[in-house]
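Subject: Structure handover and notes

Hello,

Here is the structure that I am handing over to you. My notes on it come after the entry.

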Amino acid sequence: MELKQGMKISNTPVEADPFVAIRIGYHGQEQEALEKRKANSDGIFMFDATQAYTHLYPSGQKFGWMVMRFPYTFLLEWKALISPAFLSLLENHKQWCFYYRLIPEIEVLVRQTFQVASDKGLSKSVFYANAIEIIGRLSKMVEESEQGHVAKNIHPEDLNLMLQLKEGILQDFEVNPNVEELCDQYGMSESKLQRTFKSVFGMPILKFFNLHRLEEAHRQVTHSNKHFVEIAHDLGYSNLAHFSNAFKKQFGQSPKAFREKG
């Protein structure tokens, strides 16, 4: 979606069982930046669609998502398969949202979904199967405290600012975020900027950037034939050894061993 005019969508809260929305994709990037994009800013964003929220969509930017929406009561039929932490999150009447970077296991499911979208005889069953697995993986992420972050009672304006900041720093992995410049851009002190960002994404800006950069490295090692030196250079690593060490620390194997295994 690309808008010729800016759009603001506000949701008025209603007293009802939670209605879960899951968006997998990117929140919005300027057309010029999108065309020159050297990074992948796709992420997973989940929230209760019955709660108050405001989404800002500026003009001249593109937005791309795979969207899943379902009532909380739909999950009760799978109660034995869903973690208690996940169900507890959905039952929460306070405003909340959950964000996590697009991990390879879920990216594969998204790719499969789009690949069969035009096959009327197969698409519906694949859609349901992949949706169930995505929900199961999100349930596991919520349960494991080190994976993902549940943000509660975030002001809608702060949430939108941080989503815009996230898209900005992930446009090009060759360029490390400059926190001082971000403070000037968003009119916040460093302590407030980091605190607001961490309240949404669960970690400081630079750590967030580095983890997404490693996910992009995983994506390129898995889905391309690029030489590791080229991947390291394109993602802003100082040398191949630095890239290999960071990759192995995150994924348990060197890029070479990972590609050979795949």
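This is a predicted model: local features need pLDDT of at least 70, side-chain atom pairs count only at pLDDT 80 or more; totals for chains, interfaces and linings use all residues.

Residues are numbered from 1 along each chain as its sequence is written, and side-chain values use heavy atoms, with hydrogens and water left out.

Helix packing

Two packed helices are described by the angle between their axes and the distance between the axes. Axes here are lines fitted to C-alpha atoms, for helices over the stretch in contact, with angles from 0 to 180 degrees between N-to-C directions. Helices (H or I, at least four residues) and strands (E, at least two) are DSSP runs, numbered from the N terminus.

Helix α6 (residues 156-169) and helix α8 (residues 190-201) have axes that come within 10 Å and cross at roughly 90°. That makes α6 roughly perpendicular to α8 (65 to 115 degrees; under 35 is roughly parallel, over 145 roughly antiparallel, and the rest oblique). On the α6 side the contact (heavy atoms within 4.5 Å) involves Asp158, Leu159, Met162, Leu163, Leu165, Lys166 and Ile169, which meet Leu193, Thr196, Phe197, Val200 and Phe201 of α8. By class, the contact of α6 with α8 has nine nonpolar, one polar and two charged residues. Ala, Val, Leu, Ile, Met, Phe, Trp, Tyr, Cys and Pro count as nonpolar, Asp, Glu, Lys and Arg as charged, and the others, Gly among them, as polar.

The axes of α9 and α11 are 10 Å apart, at an angle of about 95°, which makes α9 roughly perpendicular to α11. From α9, the contact uses Leu211, Leu214, Glu215, Ala217, His218 and Val221; from α11, Phe243, Ala246, Phe247, Gln250 and Phe251. The contact of α9 with α11 has eight nonpolar, two polar and one charged residues.

Helix α3 (residues 84-91) packs on α5 at an angle of about 90°, with the axes 7 Å apart. That makes α3 roughly perpendicular to α5. Ala85, Phe86 and Leu89 in α3 meet Ile135, Leu138, Ser139, Val142 and Glu143 in α5. The contact of α3 with α5 divides into six nonpolar, one polar and one charged residues.

Nonpolar cores

In soluble globular proteins, nonpolar side chains tend to be buried together. A nonpolar core is taken as a set of buried Ala, Val, Leu, Ile, Met, Phe, Trp, Tyr and Cys residues joined through side-chain atoms within 4.5 Å. Buried means under 20% relative accessible area, exposed over 50%, and partly exposed in between (1.4 Å probe, protein chains only).

The largest nonpolar core has 41 residues, of which Leu193 and Phe243 touch the most other members. Elements that each supply at least two residues of this core include β3 (43-48), α7 (179-186), α10 (228-234) and α11 (240-251). Helix α9 gives the most, with seven residues. Leaving aside neighbours within four places in sequence, Phe243 is in contact with Ala217, Val221, Phe228, Ile231, Ala232, Tyr237 and Pro255. Another core, of 30 residues, lies apart from this one, with Met68, Tyr100, Ala131 and Ile134 among its members.

Salt bridges

The count comes to seven salt bridges, each defined as a side-chain nitrogen of Lys or Arg within 4 Å of a carboxyl oxygen of Asp or Glu. The side chains of Glu215 and Arg101 form one of these (2.9 Å, N to O). Glu215 lies in helix α9 (residues 205-223) and Arg101 in strand β6 (residues 96-101), so the pair ties together parts that are 114 residues apart in sequence. Glu215 is buried, at 6% relative accessible area, and Arg101 is buried at 7%.

Glu133 pairs with Arg137 in a salt bridge, the closest N and O atoms being 3.2 Å apart. Both lie in helix α5 (residues 123-143), four residues apart, about one turn of the helix. Glu133 is partly exposed at 33% relative accessibility, and Arg137 is partly exposed at 31%.

A loop residue

Pro204 lies in the loop between α8 and α9 and is partly exposed, at 37% relative accessibility. Not counting residues up to four places away in sequence, Pro204 touches Gln194 and Phe197.

Regards
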